[in-house]
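Thank you all for coming; I would like to take a few minutes to walk through one model with you. Please have a look at the sequence and the structure before I start.

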Amino acid sequence: MDRTNLDHLIAYLKDLPPEAPDFSMDDYMTPCGTAACIAGHAALLSGKEFPRIVEPGGMLFYERVGEIRSIAREFLGIDNDIASWLFEPANFSEYSLEEAIETLERFAETGEIKRDQRSMRFNP
């Protein structure tokens with residue numbers, strides 16, 4: 001885990017700048033063309049060029065989501081298993097910004113990620 005970048009993401013999400021997309025784990029149509037989720041905001045912070053999502057659906061859409069996810073994984077220094085737990089909560093449409101921040105903070109401090117009634121501990 002890249003603790004510096006993770007802390008940067010947490011601080012950024014706690015005080016989203018006005019020009020940033022609103023946070024939503026369920027919305028892929030933001031002005032910048034990325035998801036407004038944890039992975040999308042991490043990709044934005046990475047400073048890397050990433051593909052713009054034009055419209056949902058189809059193979060190109062899922063390839064672009066995968067590329068954004070890869071950039072976010074690299075930025076946070078995490079593997080696919082951790083990314084799945086962080087980026088894919090079971091309750092996408094109900095997952096709030098506050099829950100995302102709490103999840104990221106818990107992961108940063110303990111390596112634990114809770115999802116539904118389950119939790120998984122990773123080496124921080």
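This is a predicted model: local features need pLDDT of at least 70, side-chain atom pairs count only at pLDDT 80 or more; totals for chains, interfaces and linings use all residues.

Residues are numbered from 1 along each chain as its sequence is written, and side-chain values use heavy atoms, with hydrogens and water left out.

The protein chain has five helices and two strands, and, reading from the N terminus, the order is α-α-α-α-α-β-β; helices here are DSSP runs of H or I with at least four residues, and strands are runs of E with at least two, numbered from the N terminus. Of its 124 residues, 45% count as buried, where buried means under 20% relative accessible area, with a 1.4 Å probe and protein chains only. The accessible surface comes to about 6800 Å², and 47% of that belongs to carbon and sulfur atoms, the areas coming from the Shrake-Rupley method with a 1.4 Å probe. If we take contacts between residues at least 6 apart in sequence, 51% of them join residues at least 24 apart, a contact being heavy atoms within 4.5 Å.

Let me now turn to helix α1, residues 3-14, and helix α5, residues 97-110, whose axes come within 10 Å and cross at roughly 155°. That angle makes α1 roughly antiparallel to α5, the term being used for angles over 145 degrees; the axes are lines fitted to C-alpha atoms over the stretch in contact, and angles run from 0 to 180 degrees between N-to-C directions. On the α1 side the contact includes Leu6, Leu9, Ile10 and Leu13, and on the α5 side it includes Ile101, Leu104 and Phe107. By class, the residues of this contact divide into nine nonpolar, no polar and five charged, with Ala, Val, Leu, Ile, Met, Phe, Trp, Tyr, Cys and Pro counted as nonpolar, Asp, Glu, Lys and Arg as charged, and the others, Gly among them, as polar.

Staying with α5, Ala100 lies in this helix and, at 0% relative accessibility, counts as buried. Leaving aside neighbours within four places in sequence, Ala100 is in contact with Phe23, Ile38 and Tyr95.

How does α1 lie against α2, then? The axes of α1 and α2 come within 10 Å and cross at roughly 110°, and the two helices are therefore roughly perpendicular to each other, a term that covers 65 to 115 degrees. His8, Leu9, Tyr12 and Leu13 of α1 meet Ile38, His41, Ala42, Leu44 and Leu45 of α2, and this contact has seven nonpolar, two polar and no charged residues.

Within α2, residues 38-46, the buried residues include Ile38, Gly40 and His41, and the helix is followed by Gly47, whose phi is positive, near 80°.

Finally, Ile113 is found in strand β1, residues 112-115, and counts as buried at 0% relative accessibility; its C-alpha atom is separated by 8.4 Å from that of Ile82, 31 residues apart along the chain.

Technical notes
Buried means under 20% relative accessible area, exposed over 50%, partly exposed in between (1.4 Å probe, protein chains only). Angles under 35 degrees count as roughly parallel, over 145 as roughly antiparallel, 65 to 115 as roughly perpendicular and the rest as oblique.
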